Protein chains: 2
Amino acid sequence: MPVTIPSNSVGLITPKILHINNPINLEGGRYLACYDLIYETYGELNADRSNAVLICHALSGDHHAAGYHDINDKKPGWWDVAIGYGKAIDINYFFVVSLNNLGGCKGSTGPNSNNPETHKIYGPDFPIVTVYDWVKTQAALADHLEIMQWAAVIGGSLGGMQALQWAISLPERLRHVLIIAAAPKLSAQNIAFNEVARTAIKSDSDFHNGHYANYNTLPRRGLGLARMLGHITYLSDVAMGKKFGRELRTGKINYGYDIEFQIESYLQHQSSNFVEWFDANTYLLMTKALDYFDPAKDFNNDLIATFAGIKAKSLIVSFTSDWRFSPTRSHEIVNALLSANKYVSYVEIDAHQGHDAFLMPIDRYIKIFQTYMKQVASECSV
Amino acid sequence: MPVTIPSNSVGLITPKILHINNPINLEGGRYLACYDLIYETYGELNADRSNAVLICHALSGDHHAAGYHDINDKKPGWWDVAIGYGKAIDINYFFVVSLNNLGGCKGSTGPNSNNPETHKIYGPDFPIVTVYDWVKTQAALADHLEIMQWAAVIGGSLGGMQALQWAISLPERLRHVLIIAAAPKLSAQNIAFNEVARTAIKSDSDFHNGHYANYNTLPRRGLGLARMLGHITYLSDVAMGKKFGRELRTGKINYGYDIEFQIESYLQHQSSNFVEWFDANTYLLMTKALDYFDPAKDFNNDLIATFAGIKAKSLIVSFTSDWRFSPTRSHEIVNALLSANKYVSYVEIDAHQGHDAFLMPIDRYIKIFQTYMKQVASECSV
């Protein structure tokens with residue numbers, strides 16, 4: 001059944017595609033002669049182009065952050081709770097830009113795109129792309145939109161890492177940075193989970209070294225496993241306990257190898273859904289971008305020195321039950337920003353939802369987010 | 001190079017096999033007409049048979065808990081740090097029994113054994129076995145050894161669950177119970193990790209619905225993935241960080257899909273090793289035994305009522321960085337034992353090693369373990 005589009009929604013949205021003919025030299029040493037970026041915008045750019053906000057997406061996110069593509073859509077974009085009329089990112093004041101990152105699978109150039117040199121799809125030959133590369137391509141999109149300086153760059157999780165990289169690499173081009181549920185680099189445990197996910201995908205006999213498209217198949221089992229595992233790390237133990245506990249699927253124990261508990265059923269459902277809408281090579285690429293993110297590596301592993309050139313004011317947000325990027329990881333960012341004498345606000349939100357909390361309408365979180373963004377809006381001309 | 005066997009070791013050990021012809025009715029509704037249990041013993045049983053200690057093993061453990069099978073063995077049994085002359089479980093005083101559980105793959109009857117009814121190996125047709133079933137078979141071994149009452153039943157992790165089940169189900173047959181790094185039942189998150197492991201095994205195209213032996217193959221990729229994932233949950237984030245951090249395998253970043261970080265290399269190594277010495281059907285069975293363990297389910301989910309009949313005195317041990325079965329899970333056991341007016345000692349060991357800490361020679365842990373066991377020994381006649 002189609003939804004009734006709420007009055008505070010950004011409404012029906014049509015994505016746009018930007019074709020970029022400027023070659024990009026990627027951090028990993030390879031280059032792309034040209035590439036497409038698919039993006040959406042919400043709200044109106046003001047006369048002096050000072051009210052633009054960039055949204056950076058996380059691992060499985062895309063350009064469709066808010067509103068609806070079609071009146072029959074069952075749900076809105078992935079961050080609709082935060083973007084709309086009167087919401088934290090208030091479309092009454094801001095012009096919001098949201099894109100699918102390079103290497104993605106939702107319309108920007110990525111492993112599933114045609115390689116203009118071979119006239120075949122890239123598949124596994126698509127180059128590794130890093131957070132720094134994404135910032136460069138996002139800057140190319142900003143150039144196209146003639147946005148010289150973002151009012152704010154905002155992201156959660158891997159999106160927060162992109163926002164942080166903007167503040168470090170292009171300090172003149174943003175006034176505020178909002179880094180939510182992120183970390184200054186992955187821990188060994190974070191990398192370990194990514195490696196299990198990658199191994200699951202790569203060891204699926206339908207993966208064919210990434211050339212599954214040539215075999216007219218998909219590494220469903222491997223990508224499904226990666227997604228199941230991802231879900232465990234997105235939720236907290238408490239959230240899973242509250243939602244599923246030890247509830248049985250059929251109301252009784254059957255003593256067999258089929259699904260017994262509701263949590264198993266949930267994970268299997270998430271897994272089989274995911275492979276219908278996400279590409280395995282893009283999943284590998286995204287996990288590698290996560291692993292490689294470590295801006296301090298260019299500053300002798302000194303995070304304070306890494307932040308020395310930052311000009312943006314910042315809001316850092318963490319969630320108590322997030323064990324993927326725990327509050328401790330946000331403290332690393334906050335402490336280094338303070339030591340570098342930067343303007344930083346920090347809030348740790350009491351929430352049981354784990355890492356996924358950053359996507360949820362948690363009252364205190366959204367209120368603080370909104371209050372900060374009101375301040376950002378007040379600095380933009382009308 | 002062969003090791004020199006230390007003087008405090010239990011020394012060279014030869015396992016024994018007990019063939020049990022008494023049929024066992026299993027909790028899941030099926031039965032076995034007969035079965036073998038492989039076991040080892042260390043030390044001497046005293047005249048009134050009052051100094052016997054039972055060791056229960058965890059998911060991938062077996063009967064070989066201490067000492068060496070051969071002078072050329074590279075390492076001793078899995079709990080050699082705790083069992084030996086002058087060690088926590090002191091062979092000067094105790095007669096120690098350690099067995100491979102029913103359903104295992106190291107010599108006790110399990111999926112790889114011959115089914116006497118079909119004259120083929122059981123494979124996936126081996127019945128589901130629960131912690132309660134294990135206690136019954138361990139009691140059959142005790143009967144054979146004419147041990148009417150254990151001085152102590154001891155286990156870590158899944159082994160601790162067996163020890164707890166002994167105290168609940170056969171309260172007259174043990175004087176002490178030591179439950180280390182365990183929980184009174186799995187959480188939704190624990191079950192979720194098990195389900196990912198099972199799905200990895202079952203979705204390996206070499207699994208053949210568990211009949212891989214008929215195809216002369218092994219589900220190496222699936223079982224390897226299960227082991228990689230297991231390892232993440234056995235170690236703490238801090239322990240992984242201390243051991244591996246973001247150290248690179250080749251000293252530089254290569255921007256590709258091969259292994260970059262030492263932690264990835266370690267997990268892949270653990271994975272490829274494991275499939276050489278562990279059976280996939282047994283792995284599935286062990287994770288199911290974990291999922292099903294919930295002694296309070298027979299007492300209207302009331303843990304205090306579950307513990308009402310316990311006669312054994314208990315020592316409960318947890319480790320601060322264990323996130324598989326965190327100290328909170330031990331508190332659940334301790335609080336219910338206290339509410340049931342039972343004799344309980346509890347210690348939370350400050351350790352960064354995560355769940356695996358229970359296998360490690362951590363000074364304070366071993367000292368407390370030893371002190372408790374000295375008290376147990378003092379109650380046995382000489």
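Analyst: In chain B, strand β13 (residues 313-319) and strand β14 (344-349) pair in the parallel sense over six bridges. Two strands count as paired if DSSP finds at least two bridges between them. Within this pairing, Ser318(B) has Glu348(B) of β14(B) as its bridge partner. This is a predicted model, in which local features need pLDDT of at least 70 and side-chain atom pairs count only at pLDDT 80 or more, while totals for chains, interfaces and linings use all residues. Residues are numbered from 1 along each chain as its sequence is written, and chains are lettered from A and ligands numbered from 1 in the order in which they are written. The names of elements follow DSSP runs numbered from the N terminus: helices are H or I with at least four residues, and strands are E with at least two.

The pair belongs to an open sheet of eight strands in chain B, in the order β1-β4-β8-β5-β11-β12-β13-β14, with mixed pairing. At its edges stand β1 (16-20) and β14 of chain B, each of which pairs on one side only. From one strand to the next, the twist averages 20°; angles run from 0 to 180 degrees between N-to-C directions, and axes are lines fitted to C-alpha atoms, for helices over the stretch in contact. Helix α10 (residues 363-378) of chain B packs on this sheet, where α10(B) touches β11 (152-156), β12 (176-180), β13 and β14 of chain B. The direction of α10(B) makes about 165° with that of β14(B). Here and below, two residues are in contact if their C-beta atoms, placed from the backbone, lie within 7 Å.

Chain A also has an open sheet of eight strands, in the order β1-β4-β8-β5-β11-β12-β13-β14 and with mixed pairing. Its edge strands, β1 (16-20) and β14 (344-349) of chain A, have a single partner strand each, so one side of each is left without a neighbour in the sheet.

The helices may be considered next. Two packed helices are described by the angle between their axes and the distance between the axes. In chain B, α3 (residues 188-202) and α4 (residues 220-234) pack at about 160°, with their axes 7 Å apart. α3(B) and α4(B) are therefore roughly antiparallel. Angles under 35 degrees count as roughly parallel, over 145 as roughly antiparallel, 65 to 115 as roughly perpendicular and the rest as oblique. The crossing of α3(B) and α4(B) is right-handed: a crossing is right-handed if the near helix is turned clockwise from the far one by less than a right angle, and left-handed if anticlockwise. Among the contact residues are Phe193(B) and Val196(B) of α3(B), and Leu225(B) and Leu229(B) of α4(B). By class, this contact has nine nonpolar, three polar and no charged residues. Ala, Val, Leu, Ile, Met, Phe, Trp, Tyr, Cys and Pro count as nonpolar, Asp, Glu, Lys and Arg as charged, and the others, Gly among them, as polar.

The contact between the chains takes 41 residues from chain A and 41 from chain B. On the side of chain A that touches chain B, the elements giving two or more residues are α3 (188-202), α4 (220-234), α5 (237-243), α6 (262-277) and α7 (280-292) of chain A. α3(A) gives the most, with nine residues. This side of chain A has 21 nonpolar, ten polar and ten charged residues.

One helix pair across the contact is α3(A) with α6 (residues 262-277) of chain B, packed at about 50° with axes 9 Å apart. That makes α3(A) oblique to α6(B), and their crossing is right-handed. Ala188(A), Ile191(A), Ala192(A) and Glu195(A) of α3(A) meet Ile263(B), Glu264(B) and Leu267(B) of α6(B). These residues divide into five nonpolar, no polar and two charged. Likewise, the axes of α6(A) and α3(B) come within 9 Å and cross at roughly 50°, in a right-handed crossing.

Finally, chain A can be laid on chain B with an RMSD of 0.0 Å by a turn of 180° and a shift of 0.0 Å along the axis. The two copies are thus related as by a two-fold rotation axis. Superposition is by least squares on the C-alpha atoms of residues with pLDDT of at least 70 in both copies. The same surface serves both copies, as 100% of the contact residues of chain A recur in chain B.
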